[in-house]
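Reader: Could you walk me through this structure, one feature at a time? I would like to learn how to read each kind of feature as we go.

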Amino acid sequence: MIEVTGLGRVFVKKGRQAKRAKQSGPTAQDSRVVALDSVNLSVPEGETHGVLGPNGAGKTTLVRILSTMLLPTSGRALVAGHDVTTEADQVRRRIGIVFGGDNGLYTRITARQNLVFWATMYRVDASVVKRRSQELLERVGLADRADEPVEGFSRGMRQRLHLARGLIGDPAVLFLDEPTMGMDPLATRDFRDLVHELKAEGRTILITTHDMSEAEALCDRVSLVDHGSILVTEPTATIGRMLSGHDRIDVTLREDQSPLLSELAGLPQVERVDKLSEPGSVRIHTVSADANPVVLRWLLDAGIDALRTGRPTLEEVYVHLVGNRGLTV
Amino acid sequence: MMVKQVIGQAAFVGFAEFKHVYTPKTWLTGWMLRLVSQVVFFGLVGKMAGDRITAEYVLLGNAVTVIAIEATLVITTASLERYQGTYPMLVVSPTNMGLVYLGRGLHWVLAGLGSSALVFALVWALFRPDWNWRVAVFALPCLIVIGLGAYVYGAILAACSLRHYKFRWVYLNFGFMVLMTFCGTNVPRSFWPAPIEWATQVLPLSHGLTAMRTLAAAGPLSDVLGQLGLEVCVAALWAALTLLFFERIASKGRRDGSLNFTS
């Protein structure tokens, strides 16, 4: 449903920005910024695909190109079988766009009037506009507030209306750009439930997010993006294998059990032991999956029963691949 | 059919927003006072500089120009579009944004019609001009045509202001100053050098104002209708340009990356 081949986008700095770049000297950054660099991606029909990456990685640039808001400077992208550069109008009829934040709605008119407006813009047949608007308002839980001006809506309500607006044209492909940004946990949970429903309907969804738990909860596959390139594309369920092919064992030691740590690290089945951020907690990396039962038996015999096993999480893979940059962008 | 719906929906949003632009008090004590002051000022200048005919010429010109000024305020609607982040969403919808803008700011034409009519009434009451009675009867259709022409002209400037957001007020002031200066508001178009006079033929207001002056001077109705017909043609030309301009602005935005989800 989405086919991206060698997609690239270079921005050229202009005016003061370009002057500043030139003054910085020949070795400093030039006036070109590579936002996307030869990106290849294939998202089959019905898949929910997550695009993850730090700020400035190129996630939004990718969505802007796929949603026909931005032209690529190289490569090709097809959405629902149509080229985003040469067949933008065909693409626009088949996609819905939802982005996070307060913007993008007419706040002086009601939720229902917003949907009718956007239905008209998406050339929805006049005979179905009313019915579809009502259905969507019910679906996103805004039916009771449908005839109130949007200016009085909370961020969560606005976001649900954004989703309804994105669906008004009954799109085959839905782009969600950080859709839960700034939403409270309950609103986020409701929003994710709605996305699950859309996924069950077989729609193709491309979602960009910083939120690892969101990606794990919603996405069939994820792509990690950094510096304009896709680092890896893997199924969400198995991406942890990139760091370890088998479960690791996390244990929490009481103070009196601390001396056991060196003995534990010396076991032939243990590859290494890493300290975790919680006091007394360590992560045991075994040499193989077969070694796990042996180590678990040893731990229980030693009286260590605060333990759990698990594969590396998406967040760990992300930190491993992207690197822990702290607040650096 | 879809064209009608798009323009209708866009106009609906505009009218909903307009309710929040003024209260009756701010409209009367702010906007109307400003317009009346402008018309009276030029009227008095005309009276001091010339004779009664000159004063009436200036008063008529300024009273009619009010609707042209107000119609170009569609530029402020475009600014609002950008501020609330609906601009990029319109660009990536399957509908030409130019078509949307043929309706999006129509409330300014209606507001201008009200302002212009009120200014006319005040001018008539205060200055007692020697205008033919037909002005009172035919002013409304003439003003509507002039307002629509100025509106589509303003819509093009609105498209430009979407691209050069920092200069939105420059576009607005430049837009109506051009009309006020060259289209016969205070001085006849023949006052200007021939190339400028020729250029005013394709500017809104020029022919509509001539039609109004012909009415005021009890000129032949056929001349009035002829000038109004030309004003309609000019409006159609600017409307076509509006459609092209918005397409072009959207294409440029896609190319240089100036369109964003939050812009």
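**Reading the two chains and their contact**

Author: Gladly. Let us start with chain A, whose secondary structure comes to eleven helices and 14 strands. Please keep in mind that this is a predicted model.

Reader: What box do the C-alpha atoms of chain A fill?

Author: Taken along the principal axes, the box is roughly 75 × 60 × 35 Å. Chain A has 329 residues, and buried ones make up 38% of them. Contact range is another thing to read: among contacts in chain A between residues at least 6 apart in sequence, 70% join residues at least 24 apart.

Reader: Let us follow helix 1 of chain B, then. How do I read its length?

Author: Compare the span with the expected one. Helix 1 of chain B has 17 residues and reaches 24 Å from its first C-alpha to its last, which is close to the 24 Å expected at 1.5 Å a residue.

Reader: How should I read the packing of helix 4 of chain A and helix 1 of chain B?

Author: Begin with the angle and the distance between the axes. Helix 4 (residues 111-121) of chain A and helix 1 (residues 2-18) of chain B pack at about 150°, and their axes are 9 Å apart. Angles over 145 degrees count as roughly antiparallel, so helix 4 of chain A and helix 1 of chain B are roughly antiparallel to each other. Their crossing is left-handed.

Reader: Which residues meet there?

Author: From helix 4 of chain A come Val116(A), Phe117(A), Thr120(A) and Met121(A), and they meet Gln5(B), Val6(B), Gln9(B) and Val13(B) in helix 1 of chain B. The residues of this contact divide into five nonpolar, three polar and no charged.

Reader: Can you show me a helix pair within chain B?

Author: Take helix 8 (residues 134-163) and helix 11 of chain B, which pack at an angle of about 175° with their axes 9 Å apart. That angle makes helix 8 of chain B roughly antiparallel to helix 11 of chain B. Helix 8 of chain B brings Arg134(B), Val135(B), Phe138(B), Cys142(B), Val145(B), Ile146(B) and Gly149(B), which meet Gly208(B), Ala211(B), Met212(B), Leu215(B) and Ala216(B) in helix 11 of chain B. The contact of these helices divides into nine nonpolar residues, two polar and one charged.

Reader: Let us turn to backbone angles. Which residue has a positive phi of about 85° although it is not a glycine?

Author: That is Leu205(B). Look for it in the loop between helix 10 (194-199) and helix 11 (206-216) of chain B. Leu205(B) is buried, with 31 other C-beta atoms within 10 Å.

Reader: And where does Glu178(A) lie?

Author: Glu178(A) is in the loop between strand 7 (173-177) and helix 7 (185-200) of chain A. Glu178(A) is not a glycine, yet it has a positive phi of about 45°. Because it has 20 C-beta neighbours inside 10 Å, Glu178(A) counts as buried. Not counting residues up to four places away in sequence, Glu178(A) touches Phe99(A), Gly100(A), Thr208(A), Thr209(A) and His210(A).

Notes: Residues numbered from 1 in each chain as written. Chains lettered and ligands numbered in written order. Predicted model: local features only at pLDDT ≥ 70, side-chain atom pairs only at ≥ 80, totals over all residues. Axes fitted to C-alpha atoms, helices over the stretch in contact; angles between N-to-C directions. Helix = DSSP H or I, 4+ residues; strand = E, 2+ residues; numbered from the N terminus. Parallel < 35°, antiparallel > 145°, perpendicular 65-115°, else oblique. Left-handed = near helix turned anticlockwise from the far one by under 90°. Contact = placed C-beta atoms within 7 Å. Nonpolar A, V, L, I, M, F, W, Y, C, P; charged D, E, K, R; others polar. Expected span 1.5 Å × (residues − 1). Buried ≥ 20, exposed ≤ 12 C-beta atoms within 10 Å, placed from the backbone.
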